[in-house]
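Subject: Structure handover

Hello,

Here is the structure you are taking over. My notes on what was found in it follow below.

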Amino acid sequence: MTQSIVEYMAEPQVRENIVKTLGANKTNSFIANVASLASGNEALMNCDKKSLMLACLTATTLDLPINQNLGFAYIIAYKDKAQFQMGYKGFIQLAQRSGKFKTINVTDVKEGEIKSLDRLTGDIAFEWAEDRLKLQTVGYVAYMELLNGFKKSLYMTVKELEGHGNKYSQTAKRGFGLWKDDFDAMASKTVIKLLLARYAPMTVDIQKAQLADQAVIVDEDQYEYVDNKPILAGEIAQGKEVAKIIKHIEDSKTIEELQMCEEFLTTPELQDKFNEKLKEFKQ
Amino acid sequence: MNTINWSTYKFHPSSVKNLMIEPRLKSETISETTKAYLLEVYIEEVYGRRKIESVANKFMRKGTMCETDSIELLERVKGETFFKNNNQLTNAWFVGTPDVIAIDKVIDIKTSWDLWTFAGVDEDQAKKDYYYQVLAYMDLTKTQKAELVYCLVSTPPEMINDEMYRPSFYMDEVESEKYRNNYKFDDIDEKSRVKIYTFDYSEEDIERVESKIVLAREYLASIKI
């Protein structure tokens, strides 16, 4: 039977790692939060358990809630792995916590609201329209002001943001995923993230959030940017083939039926499952 | 640049039909179409370059991604169990990986792109188009029978998203959903989503293929670019 995420986190070594990272006091509530997140999302429930646990652990160490509705951080299923994604509110939260920011904000920009742009300083003058909701969004701007007086803004047009999404996300390129479902949130996050990456004083947390964003966390401080990789037909085909053989092994009612797949056991996982089932029949 | 011993060069079964086209003039031994194909083989083998359109198109992508789905559909329709073969086979003439090797036959699976292409599959044409391919597979597997099986299975969501990306610029969600249905076929009776054509091995025809391969090898050895 497939192991649940709670069973996975109850394994001594896994639990020990969680305790080591979060402390004993926070471990049980962390496990409860991860279980609750996975139970409401079938795709996450079927994800690789380690990637799900590490994605949630990253959010928790950054002290960001993993409740998707709050928009600070998201845990998203991509193929069979759980991917960590920062929300723009999460970046704002981390910046505020650093104690170095007077202001940090992001907003959409409607048509006609840009009055002038100084290419040298990067300063943009806006004249905000009054009845702006009816107007078409042409871009997004992030702004920050540090306590030492340093100010900076970063503006990107909708077209530039779409290009950014298509460049860094395979799902965006194919017209689905967060870029399609919630463009406003992804665009806001992108301008905030780039503003912080280029101009803000880097704290340990902001740096970690920048690195972990849109990554599957393979191990502590090891990130794999899966959504940036192409969807390979061969990999999908192989996955389906392995799943078919696993089903055949599990459903086999006789040794003869089981042995029909013997010459097609192309992975150690399949070989193990086959041997296990064969043992069952011989007992 | 690779050095190839063309005298023993082995052809993939899917390429054999390119060698079987008769030249227009009796004075010629190889047709112009075959020569053009052999030039592609030469460039691929010697210089390691292959035309992208010959591998990266949506029809082939669906064929690869859905091969197991098609095999499972065939299993349900025939009430038999099949597994995809991953072993590459070779003999003196051919090298290839048949889709399914059953006890008494070899099966070649074609996954149709959509309902229109599936409906348009004509038995005579399909048997003509793929005869030499399945003949070569029968020769490789030493079987006397082959089946060419066309299957209509749903397209993977990733591919449907690709197809619907541009249309989604000028369609609302409701209309878009309606067209997404063009790529899903689970509502159609499974038996009517499979077409099976059978073939018998022919010693005589395989000898004709072998003589064409000898000519093709000679031509490949003579190419200079």
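A:Met144 stands opposite A:Lys152 in E7(A). E6(A) and E7(A) run antiparallel and are joined by seven bridges (two strands count as paired if DSSP finds at least two bridges between them; strands are DSSP runs of E with at least two residues, helices are runs of H or I with at least four, and both are numbered from the N terminus). The two strands form a hairpin with four residues between them, and A:Gly149 in the turn has a positive phi of about 100°.

Before going further, the conventions. This is a predicted model, in which local features need pLDDT of at least 70 and side-chain atom pairs count only at pLDDT 80 or more, while totals for chains, interfaces and linings use all residues. Residues are numbered from 1 along each chain as its sequence is written, chains are lettered from A and ligands numbered from 1 in the order in which they are written, and side-chain values use heavy atoms, with hydrogens and water left out.

The sheet is open and has three strands in the order E3-E6-E7 (chain A), with antiparallel pairing. Its edge strands are strand E3 (101-110) and strand E7 (151-157) of chain A, each of which pairs on one side only. The twist from one strand to the next averages 10° (axes are lines fitted to C-alpha atoms, for helices over the stretch in contact, and angles run from 0 to 180 degrees between N-to-C directions). E3(A) is joined to E6(A) by nine bridges, and these strands run antiparallel. A:Lys110 has A:Thr137 as its bridge partner in E6(A).

**What covers E6(A)**

E6(A) is mostly covered, with seven of its ten residues buried (buried means under 20% relative accessible area, exposed over 50%, and partly exposed in between, with a 1.4 Å probe and protein chains only). A:Ala142 lies in this strand, which spans residues 137-146 of chain A. A:Ala142 is buried, with a relative accessible area of 0%. What does A:Ala142 touch, not counting residues up to four places away in sequence? The list is A:Asn105, A:Val106, A:Lys152, A:Ser153, A:Leu154, A:Val191, A:Ile192 and A:Leu195 (contact means heavy atoms within 4.5 Å). A:Ile104 is 38 residues from A:Ala142 along the chain, and their C-alpha atoms are separated by 7.5 Å.

H7(A) lies across E6 and E7 of chain A and runs at about 80° to E7(A). H10(A) packs on the sheet and touches E3, E6 and E7 of chain A, its direction making about 40° with that of E6(A).

How do the two helices meet? Helix H7 (residues 158-168) and helix H10 (residues 183-199) of chain A pack at an angle of about 90°, with their axes 10 Å apart. That angle makes H7(A) roughly perpendicular to H10(A) (under 35 degrees counts as roughly parallel, over 145 as roughly antiparallel, 65 to 115 as roughly perpendicular and the rest as oblique). On the H7(A) side the contact has A:Val158, A:Leu161, A:Glu162 and A:His164, and on the H10(A) side A:Phe183, A:Ala187, A:Thr190, A:Val191 and A:Leu194. These residues divide into six nonpolar, two polar and one charged (Ala, Val, Leu, Ile, Met, Phe, Trp, Tyr, Cys and Pro count as nonpolar, Asp, Glu, Lys and Arg as charged, and the others, Gly among them, as polar).

**Elsewhere in chain A**

Strand E1 (residues 73-78) and strand E2 (residues 81-86) of chain A pair in the antiparallel sense over six bridges. A:Tyr78 stands opposite A:Lys81 in E2(A). The hairpin they form has two residues between the strands, and A:Lys79 in the turn has a positive phi of about 55°.

Chain A has 14 helices and nine strands. Of its 283 residues, 42% are buried.

**Chain B**

An open sheet of four strands has the order E3-E4-E5-E6 (chain B), with mixed pairing. Strand E3 (100-101) and strand E6 (194-200) of chain B are the edge strands. Strand E5 (residues 145-151) of chain B pairs with E6(B) in the antiparallel sense over seven bridges. B:Cys151 has B:Val194 as its bridge partner in E6(B).

Regards
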